[in-house]
Amino acid sequence: MGQSMAARQINAFYSRTQILHDVSLAMNANAVTAIIGPTGCGKSTFLRCLNRMHETVAGARMTGRVVLGSTDLYAMDAVEVRRTVGMVFDRPNPFPTLSIFDNVAAGLRLNGIRQKDLLIERVQAVLSMTALWDEVKDRLEKPAIHLQSGQQQRLCLARALALEPAVVLLDEPASTLDPSSTLQLEELIEQLKDRYTVVLVTHNLQQAARVADTTAFFLDGHLIETGRTIDIFTNPSDTRTEDYITGRRS
Amino acid sequence: MKYKGLRLRKWKDRAFFVLLMLATALALFPLLQILVEATIRGVPGFKVSFFTQLPAPVGIVGGMGNAIVGSLLIVGLASAIATPIGVCTGIYLSEYAPVRYARVLRFLTDIWFGVPTILVGLLVYGTVVLSMKGFSAWAGAISLAFIMVPTLIRTTERMLALIPAIVREGALALGASPTQTVFLFVLPAATRGLITGVVLAVARALGETAPLLFTAFGNNFWQSGLSSPIAALPLQIFLYATSPYPVWQAQAWTGALTLLSIVVVLHAFAHFLTRGEGLS
């Protein structure tokens, strides 16, 4: 089951440049929260603060807290956090030297799971969950980089799900995919919320409208507005939100 | 009006193209000449005895067997010393070093790379040779290792830099520790590139002569141990090529062809390893 997540007063920096200003956002359990906003508004940085990937970049730092359930993620070991909060990136990034099977099993093996039957069972389960099993079951030992990009991205999702995280972070996951692969991925995201808390960063407004329960609008590192997706898109309370979703320049 | 000067532009374009072609031909010509010359002059001496016999006085058929074995031995020893140091430093530089350290380290490596090889020989002479009280295979190997290390650092760093950042991020996001990320995900993806780096460093070391002059020194007999002077192919070529005897000069060509062949094979192997990856 997913757990609710809350970011409290996040300020994030790259060297001296402040990217995020005092962002607090609650992300409900078993729901999809979409984060929208123009390029450079800090939405990806915010996402990367949620699984402590932000701090892996040289010169990056942040203040504030992220709470999952009742656990403070910044009081935990960062490696442990990333096993609990999974992430899919904007470009498919299967491990280039590993087979399809080994890509999905990578996270499990990192966690010390070695029993072959257990690995097979989990790999099959997550590949089925991501609608890949039927497509790849006959070539599990083939290199993952030979898959199409849509399949690669679903493989990366499966890889993250294999660890049974509480939260799944999606950083513009469809940005390099063609329309039909995008649609397929969106259907998957819908199903994900049965089991996980999903946070989706997207620059595709229709995508947010289609899959998100809650939407948050970021501008210049500030959280401008958050609310039910339908309210954000039909009746935003801030004119800056309205300008953005209607394509007007502010 | 729109097409004014179009003919002139086309002409300039063509002239520039020809200029570039000429420069390329000029660059390739000496290489071609070396290959042709070494082949024509070296092939007649390509006999079994050349590879099995010791150098002999003029008038008796000799070979460079000991020099070939000596070269392989010194370079093998040098690679065993230099590879772990160079590759590990390259990994540190690429994956661990904070930006500021990395910049300094990279600068130092560039200086190291540019140190004239004769100075390397002198340094090793002043330290190893004098303290061991004699020329030795060890001294030769250490000076070659000294030359290989900066090459290895640079190629290792470059090969690792070619692995996209998203591979590292993917591993970190799965809960791999930084060290697991490097050793389980980044290095395996770069294996062929790293081997290529070692092969190219070996190829470079094989041809070095200056640092061996007063470290390995040369030897006319089969090697008896690592603590005595040792023969090496480039040294033997140097000696024979500068001799007044046509027989020796002919053997120098055959030695040169042998060396050249080994280097060409090594480069071809490196190229084969990284084919289609745009690494070398």
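This is a predicted model: local features need pLDDT of at least 70, side-chain atom pairs count only at pLDDT 80 or more; totals for chains, interfaces and linings use all residues.
How many residues of chain B are in contact with chain A, if two residues count as in contact when their C-beta atoms, placed from the backbone, lie within 7 Å? The answer is 16 residues of chain B, and they touch 19 residues of chain A. On the side of chain B that touches chain A, α7(B) gives the most, with six residues, and that side divides into eleven nonpolar residues, four polar and one charged. Here Ala, Val, Leu, Ile, Met, Phe, Trp, Tyr, Cys and Pro count as nonpolar, Asp, Glu, Lys and Arg as charged, and the others, Gly among them, as polar.

Residues are numbered from 1 along each chain as its sequence is written, and chains are lettered from A and ligands numbered from 1 in the order in which they are written.

Turning to chain A, we find ten helices and ten strands, where helices (H or I, at least four residues) and strands (E, at least two) are DSSP runs numbered from the N terminus.

Let me follow a few of those strands. Strand β1 (residues 5-14) of chain A pairs with strand β4 (residues 60-68) of chain A in the antiparallel sense over eight bridges, pairing being counted if DSSP finds at least two bridges between two strands. Within β4(A), Arg61(A) stands opposite Phe13(A). In the hairpin of β4(A) and β5(A), which has two residues between the strands, Gly69(A) takes a positive phi near 65°.
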